[in-house]
Amino acid sequence: MKTTHKEVLFGLYDDESVLLHAVHKAKHDHLEIMDVFTPFPVHGMEEALHLSESRLHIAGFIYGAIGALTGFLAMTWIFTRDWPIIFGGKPYWSVPAFIPITFEMTVLFASVGMVVTFFTVSGMGFGVTNPTLDDRITDDKFCIAFDVSQSEEEDVERLKGFFRESGASEVNTKTI
Amino acid sequence: MNQFTLQSRQRTFLIGFMLLGLLCMVITYLTDDALHTRFWTNYLHNTVFFLGIGFISLFILAAFTTSWAGWYVGMKRVWESFSLFLIPGLVLMIPIILGLWGHFHHLYHWADKAEVAKDAILTGKSGFLNPVWYTLGTLILVGAWIFFALKLRQLSVLEDTQGKGVADNFSIHRWIRFWSAVFLPIAGFSSAVLIWQWLMSVDSHWYSTMFAWYTGASWFVSAMALTILLLVYLKGQGYFAHVTTNHFHDLGKFLFAFSVFWTYLWFSQFMLIWYANIGEETIYFHERMTNYPALFYGNLILNFVLPFLVLMRNDSKRKTGIMVTGAVITFLGHWLDFFLMVKPGARHTAMEAMAGHGGHGEEAAHHALGVAAGFSYPGLLELGTMLGFLAFFLYFVLTRLEKASLLPHNDPYLQESKHHAVWPFAEHE
């Protein structure tokens with residue numbers, strides 16, 4: 001697999017409200033943010049970054065529908081074709097008794113499916129290792145990253161100026 | 001506009017519908033069978049339905065206050081006004097109580113002394129199912145609810161003028177919190193008792209431990225639906241400017257969540273009885289599935305399938321049209337749910353009573369069941385009666401709403417309510 005290396009300039013912030021202001025300022029200054037990394041979801045970040053609504057719940061609905069069908073059809077097949085048993089004089093195809101299993105399968109498929117989908121689209125799928133800019137952004141630091149592979153010297157200086165003004169506690173570069 | 005005034009046009013409109021309701025009740029009474037079964041079942045059905053909406057509104061206020069919620073504060077005057085309907089609700093219950101003593105209605109099989117004497121099950125239950133307990137339970141427990149409703153309302157209005165905020169450490173709000181916390185456990189137990197007496201004992205032989213919660217969930221959804229409809233209307237009139245799409249989004253979540261909760265209880269009750277297959281329990285469902293199939297299955301479609309699919313999407317709860325549709329469906333749906341709780345049992349009791357106590361009553365009752373307006377399905381008279389009760393409810397609520405500012409000025413959570421935001425993508429809509 002061919003990898004393109006990126007030159008990343010990133011600033012670390014100590015506080016999420018400072019970070020949020022910095023993101024607003026970057027948008028206002030028309031700086032092109034590559035990504036923002038935070039140890040936990042920051043309220044208001046979606047608006048600040050102008051992200052569109054996630055479509056994860058649509059996937060969730062589809063997984064849930066598949067789960068419901070799987071559960072119901074499996075119960076139907078097991079108790080009418082594969083191994084019919086009479087419970088308390090009820091007919092083989094006893095729909096009310098299948099509802100709890102159908103419900104559980106819906107929840108199982110929707111939840112597992114959404115977790116797997118979420119990790120995959122976030123670039124954290126099975127067998128994928130992503131470079132980390134700084135280990136501390138998984139702990140207590142908040143990070144704004146710019147891709148400076150194609151940038152001129154003066155643009156980089158401008159970005160560093162932005163970090164200084166917006167209250168970053170550290171500015172580093174890393175090739176990933 | 002923080003001061004609501006009921007215009008004469010609205011007053012005329014509501015009084016018109018109240019008169020329509022009254023007319024429908026008179027017609028029902030005159031065209032009824034000898035025992036006036038249709039009239040009395042309609043009366044019990046609507047009284048309990050709207051009284052319950054008042055009760056559950058008080059419960060909502062107490063639960064939100066106790067859980068330190070802030071978002072609802074901008075609309076709490078609506079629920080306060082709803083909860084005051086407990087007072088006319090109790091007055092409406094009095095004819096039913098008097099009827100137990102005077103035997104001028106036959107809603108409850110257990111109220112018939114001759115029947116109880118020859119019926120082992122009813123004799124066994126007669127320690128609880130008797131006119132004394134029915135009277136005391138209704139008067140004392142609804143009386144207690146009224147006490148709490150008045151208490152919360154008075155303190156809340158008092159806070160508007162006397163609340164000093166930090167200066168006196170929110171002392172009035174602390175009292176609201178105190179009375180709310182006291183009310184919650186009382187509400188939990190007392191509502192179950194009253195639901196057994198008012199509704200479950202209509203089918204006197206039958207019992208279900210799920211029934212109280214199931215009925216409570218039905219009240220909850222109806223109260224939410226009515227809140228949404230009233231708020232949409234009042235917002236259209238220019239009131240409640242501080243209630244935004246975000247608040248409706250949360251009300252919609254409650255409507256959705258409690259529709260699912262209602263379904264969960266409905267199904268739990270159904271499945272346990274279906275599975276155990278004990279005759280004295282299954283008779284309740286057998287009766288409804290055989291003789292009232294449209295209502296029985298329609299109930300599930302209106303109160304589960306439609307709200308589940310319509311209200312599931314996040315942004316459908318932010319669109320007024322969809323929310324109004326969902327609220328109308330669930331409101332009518334739960335009104336029908338109560339219809340189905342009351343009618344079959346009371347109809348059975350009345351038919352036995354009319355066939356006489358000669359021992360053939362039971363048989364006669366089974367043969368006489370047919371499709372009949374007002375029992376197998378709600379006829380125009382039922383619809384008119386419901387509109388009359390609804391108009392009375394709204395008239396009472398709106399006149400209470402006039403008595404205080406729509407915005408609780410000194411509520412410590414008011415700012416939180418005004419800045420309530422639940423959806424980060426609102427600005428792109």
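So, Met224(B): if we skip its neighbours within four places in sequence, Met224(B) is in contact with Leu251(B), Phe254(B), Leu255(B) and Phe258(B). By contact I mean C-beta atoms, placed from the backbone, within 7 Å of each other. Before I go on, a word on where this comes from: it's a predicted model, where local features need pLDDT of at least 70, side-chain atom pairs count only at pLDDT 80 or more, and totals for chains, interfaces and linings use all residues. Residues are numbered from 1 along each chain as its sequence is written, while chains are lettered from A and ligands numbered from 1 in the order in which they are written.

Okay, back to Met224(B). It belongs to the largest nonpolar core, which has 105 residues, and the members touching the most other members are Leu86(B), Ala223(B), Met224(B), Ile228(B), Leu255(B) and Phe393(B). A nonpolar core here is a set of buried Ala, Val, Leu, Ile, Met, Phe, Trp, Tyr and Cys residues joined through C-beta atoms within 7 Å. Buried means 20 or more other C-beta atoms within 10 Å of a residue's own, exposed means 12 or fewer, and partly exposed is in between, again with C-beta atoms placed from the backbone. Which helix of chain B gives the most to this core? That's α2, residues 37-66, with 16 residues. There's also a second, separate core of 21 residues, and Leu9(A), Leu19(A), Leu20(A) and Ile144(A) are among them.

Now chain B as a whole. You'll see 16 helices and zero strands; helices are DSSP runs of H or I, at least four residues, strands are runs of E, at least two, and both are numbered from the N terminus. Chain B has a radius of gyration of 22 Å, close to the 22 Å the globule rule gives for 429 residues, so chain B is as compact as a globular protein of that length. That radius is taken over C-alpha atoms, and the rule is 2.2 Å times the number of residues to the power 0.38. The C-alpha atoms of chain B fill a box of roughly 75 × 45 × 45 Å along the principal axes, and 43% of the 429 residues count as buried.

On to chain A, where we get five helices and four strands, running β-α-β-α-α-α-β-α-β along the sequence. What is the radius of gyration of chain A? It's 25 Å, whereas a compact globule of 176 residues would be near 16 Å. The C-alpha box for chain A is roughly 80 × 35 × 25 Å along the principal axes, and 19% of the 176 residues count as buried.

The domains are worth a look next. Chain A is divided into domain 1 (7-50 + 129-175) and domain 2 (56-121), with bounds from an automatic or database domain assignment. Their C-alpha centres lie 44 Å apart. For a pair of residues to look at, take His21(A) and Ala68(A): 47 residues apart in sequence, and 45 Å apart in space, C-alpha to C-alpha. His21(A) sits in helix α1, residues 16-28, of chain A, and counts as partly exposed, with 15 C-beta neighbours inside 10 Å.

Last, the interface. Eight residues of chain A are in contact with nine residues of chain B. On the chain A side, α2 (45-49) and α4 (95-121) each supply at least two residues, and α4(A) has the largest share, three residues.

Terms used:
Contact = placed C-beta atoms within 7 Å.
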